[in-house]
Amino acid sequence: MAIDIIKPTAPAAIDADLSDPALIKLRDLIYRMSGIYHPDNKFYLLATRARLRMKALSTVTFAEYIEQLTTRPNRDAEMRSLLNEITIGETYFFRSQAQCDAISKILVPQLTAMSSKQGFKKLRVWSAGCSTGEEPYTLSILLGEQIAQNFADWTFEILATDLNENSITKCREGLYAEYAVRNLNSERRQKYFKQEGAFFRINEAVKAPIKFERLNLQDQTRMLFMKGFDLIFCCNVLIYFDGVAKRRTVDHFFNGLIPGGYFFLGECETLFGIYDQFRLVHLPGTAAYQRPLPEGVTTP
Amino acid sequence: MSTTVMPELRKRVEKLRSLPSSPAVLQPLLELLRKPPDQVEINQVVKLVSYEKTIAAQLLRIANSALYGRSMPAESIQAAVFTLGIQRIEDVLISSCFSKLVPKEKWVVDPGVFWRHSFGCALVCREFAEQIEYGDADKAYLAGLLHDLGIIVNSLAYTKEYREVLARAVDTGRPLVEQEQETLGFTHCDSGAILANTWQLPGTITEVIEWHHDVENSPSTNALIGIVHLGDLLCRMRGLGYGYGEWRAVDLEADPAWIALAKHCPKLKNMDLARFTMDLDSYVVRITKLVDTIFSPSQEVSTAER
């Protein structure tokens, strides 16, 4: 006995997509190439985004589009365009409530307890591929609130890096449109931003713990020196790397974390088949990868 | 279970057998559940459904709901059975039967939340069993569906104390089973096992009910216990728990149940757990629709106050 699949009440075209073997093949291809997975409830997103690319290429069927992604000379560029389409608009403040809750209610208490044993009272966080700054600023607000409330003798610092110099400039400027702050309640908007017309400028106090730097994750020399982090975030960046580059970069992240530290990917990204040194840890409504503690040491 | 609590608990649980709301359909239904769905005859199901007027009406309502998009309304039990299929009928029957055991005012965990968790766990256990090639995925489904029978027992036999248990668990974000042990001195595994034995549920299912929170100490090598333990844990971490967040980090692969299960099912070692977890998120939508359809406001079992 079992529960049958109840088809979602979606428009007919999307309903048909769920049974289209080519779309399932496309989902598997994207997962294999990038590590981004679309479960059934996000299938419509994949179909919608793929259709935008298909329209640009005047392609009618998913089967034809798969051919363009796998056999045509410009396949790498097209895969990049599709991944851009899939991840577009994914950056805004406090994007994942589950992740924010897990950080403040589980990970910060756990990491502070571990570091306390060694006499350190500073949390170190790295936002790798910080794009236009929403992620590091969210972390600064979150950690600032948590530390002020519960760990008054602690401090924290955030390193925010991106390959793109323009992104770093935008981060430093700290000016955001309504879209970026739409998940923030009015209390946080007033406390951490100054409204300038239709825009919101981040306060200096939120900026202070963050150091913005341009960094190429493929720069092996610099990556070797990135050490001692409690938390590392790398959201929708690895998806553009090939297998070898991905493994090498994740290995740097692994070594950059303290034992027991956590590594976060994008919501739909996984490390399956790429890197197996991390432990996959389930947190309420979300998941992260943890660098294992030495044998015999347990998480507080 | 403590020896002083045991006789008192047994006394209270045994009262359940004489509850007037225990539906006549239950025993034949349990017989039916022991068979693989393809060996169940439609006539048997129609007969079973006809026992209970409220269940028959409920099935007609579900068959005629937007979920199934029939062009002509189903007007007979046969038509409802054909529309819903044997498996869905069994889901509705089992949830309705057990829900009927508990009067509205005695539900401690909201019935919608309880059944979302039970159906969620059933579905996850079946998918999990299939992926690791356990062998009897339908049995894993049934074990997942019934694993928390003890929560119904505790709601009935210890209503007041159980409300306190739930309130404390919600406040602290602790697993319900830990709070039960601390406050009551026994858990829903203990009380569920007593009821399962009284009702003579299959031995493998009774073992799951009794040991799914204590796999390490189980005297049995029944792999279903580990499957349900892990499925239950996954559901609780992904929004199909008891309506509150358990604030903890869970490393499933370090869990003793995972390690023990890997010996039975070597496929477990190569499982893509991250992808499986994401798939689970899409079940939430499915399960919520099913439970909302079964327990829509027109039904006599409504949301209970906490």
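Which residues on the other side of α2(A) are exposed? I found A:Pro21 and A:Arg32 there. I took a residue as buried if 20 or more other C-beta atoms lie within 10 Å of its own, exposed if 12 or fewer, and partly exposed in between, with C-beta atoms placed from the backbone.

Conventions. The model is predicted, so local features need pLDDT of at least 70 and side-chain atom pairs count only at pLDDT 80 or more, while totals for chains, interfaces and linings use all residues. Residues are numbered from 1 along each chain as its sequence is written, and chains are lettered from A and ligands numbered from 1 in the order in which they are written.

Helix α2. I listed the buried residues of α2(A) as A:Leu23, A:Leu26, A:Arg27, A:Ile30 and A:Ser34. They lie on the same side of α2(A) because they cover an arc of only 100° around the axis, the arc being that of the directions from the helix axis to the C-beta atoms. I also checked the length of α2(A), residues 21-34: at 1.5 Å a residue its 14 residues should span 20 Å, and the end C-alpha atoms are 20 Å apart, which agrees. The expected span is 1.5 Å times one less than the number of residues. Just after α2(A), A:Gly35 has a positive phi of about 90°.

Whole chain. I noted 12 helices and 10 strands in chain A; these are DSSP runs numbered from the N terminus, helices being H or I with at least four residues and strands E with at least two. Of the 300 residues of chain A, 38% count as buried. The C-alpha trace of chain A spans about 60 × 55 × 50 Å along its principal axes.

Domains. An automatic or database domain assignment gives chain A domain 1 (12-87) and domain 2 (97-175 + 202-290). Their contact takes eight residues from domain 1 of chain A and nine from domain 2 of chain A, where contact means C-beta atoms, placed from the backbone, within 7 Å. Helix α5 (residues 75-87) of chain A gives the largest share of the domain 1 side, three residues. The C-alpha centres of the two domains lie 30 Å apart.

Chain interface. I looked up chain B next: 24 residues of chain A are in contact with 40 residues of chain B. On the chain A side, α6 (97-117) and β9 (279-283) are the elements that give two or more residues. The largest share, five residues, comes from β9(A).

Note on methods:
Two residues are in contact if their C-beta atoms, placed from the backbone, lie within 7 Å.
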